[in-house]
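Reader: I have a structure open and would like to learn how to read it. Could you take me through it feature by feature?

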Amino acid sequence: MKNIVVGVLALQGDFREHINILKKMNIVTREIRFPAQLDKVDGFIIPGGESTTINKLLDKYDFKEKIKRFAKSGKPLFGTCAGLIVLACGMADEEKQTGLIDIDIERNAYGRQIESFEQNISLNLNHKAGSRVFNSIFIRAPRIIRTGKNVKVLGRYNEEVVLAREKNILVCAFHPELTDDNRIHQYFITMIIDDLKEK
């Protein structure tokens, strides 16, 4: 199988942290700043940041239709925090999203930036080795307030869903890229490998 190439949206937010953790995993990465660059990658990460700014930049550069076509092709997408907001179906305010995963969310539901916190959560990634506990960093995190019937819950905090997957779309409310624990990124890479095997 060819080398996996993962693109990370590099318009705003903590894209460098995602790239750093992927490089430590020996994964080839690309900074994505224009829609056409998506044709050259096998998976795509939309990082945390300021969701309104990211959404405006996605509209400015005509990214959203390209992202939808990327998802429709079966290639995996991974959204963290603001990236989750971009990929969700519904939200309490009027900000437009791509609607690629059947969840509704509420922005900044866990508090303001000064109320950021770390918390151990329970994972359900079906890994053969390693702890089910993941030290998660929540920064102005969105809350998932509804999940569709085909959405698989992969992580919970206080019984609330914070990590979820529907088909080739993976989202989490926290920031796994700000830790040294690469299990969630490894899970995403496994999604890419499975997709490539099918093609």
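Author: Gladly! Let us begin with burial: buried means under 20% relative accessible area, exposed means over 50%, and partly exposed lies in between, with a 1.4 Å probe and protein chains only. You also need strands: helices (H or I, at least four residues) and strands (E, at least two) are DSSP runs numbered from the N terminus. This is a predicted model, where local features need pLDDT of at least 70 and side-chain atom pairs count only at pLDDT 80 or more, while totals for chains, interfaces and linings use all residues. Residues are numbered from 1 along each chain as its sequence is written, and side-chain values use heavy atoms, leaving out hydrogens and water.

Reader: Then let me start with a strand. Which way do the residues of E3 point, and are they buried or exposed?

Author: In a regular strand the side chains alternate between the two faces of the sheet. In E3, Gly43 and Ile45 point one way, while Phe44 and Ile46 point the other way. Every one of these four is buried.

Reader: Which strands does E3 pair with?

Author: Two strands pair if DSSP finds at least two bridges between them. Strand E1 (residues 5–9) runs parallel to E3 and is joined to it by 3 bridges. Look for Gly7, whose bridge partner in E3 is Phe44. E3 also pairs with E4 in the parallel sense, again over 3 bridges. There, Ile46 stands opposite Gly79 of E4.

Reader: Now the inside. Which residues touch the most other members of the largest nonpolar core?

Author: A nonpolar core is a set of buried Ala, Val, Leu, Ile, Met, Phe, Trp, Tyr and Cys residues joined through side-chain atoms within 4.5 Å. The largest one here has 63 residues, and those touching the most other members are Val6, Leu22, Phe44, Ile67, Ile103, Leu163 and Phe174. Helix H5 (residues 183–197) gives the most to this core, with 7 residues.

Reader: What does Phe174 touch?

Author: Contact means heavy atoms within 4.5 Å. Leaving aside residues up to four places away in sequence, Phe174 touches several residues, including Thr80, Ile121, Phe134, Phe138, Leu163 and Ile184.

Reader: I see several rings. How many aromatic pairs are there?

Author: A pair of aromatic rings is described by the distance of the centres and the angle of the planes. Rings of Phe, Tyr and Trp (its six-membered ring) pair if their centres lie within 6.5 Å; planes under 30 degrees apart count as stacked, over 60 as edge-to-face, and the rest as tilted. By this rule the model has 6 aromatic pairs. Phe44 and Phe70 form an edge-to-face pair, 6.1 Å centre to centre with 65° between the planes. Phe44 lies in strand E3 (residues 43–46) and Phe70 in helix H3 (residues 64–72), so this pair ties together parts that are 26 residues apart in sequence. Phe44 is buried at 0% relative accessible area, and Phe70 is buried at 5%.

Reader: How are the planes of Phe78 and Phe188 arranged?

Author: That pair is tilted, at 5.4 Å centre to centre and 40° between the planes. Because Phe78 sits in strand E4 (residues 77–80) and Phe188 in helix H5, the pair ties together parts that are 110 residues apart in sequence. Phe78 is buried, with 0% relative accessibility, and Phe188 is buried at 0% too. Elsewhere, ring pairs link Phe134, Phe138, Tyr157 and Phe174 into a cluster.

Reader: Next, charges. How many salt bridges are there?

Author: A salt bridge is a side-chain nitrogen of Lys or Arg within 4 Å of a carboxyl oxygen of Asp or Glu. The count comes to 9 salt bridges. One of them joins Glu50 to Arg140, with the closest N and O atoms 3.9 Å apart. This pair links distant parts of the chain, 90 residues apart: Glu50 is in the loop between E3 and helix H2 (51–60), and Arg140 is in the loop between strand E8 (133–138) and strand E9 (143–147). Glu50 is partly exposed at 23% relative accessibility, and Arg140 is partly exposed at 30%.

Reader: What about Arg146 and Asp104?

Author: Their closest N and O atoms are 2.8 Å apart, forming a salt bridge. Arg146 belongs to strand E9 and Asp104 to strand E6 (residues 101–106), so the pair ties together parts 42 residues apart in sequence.
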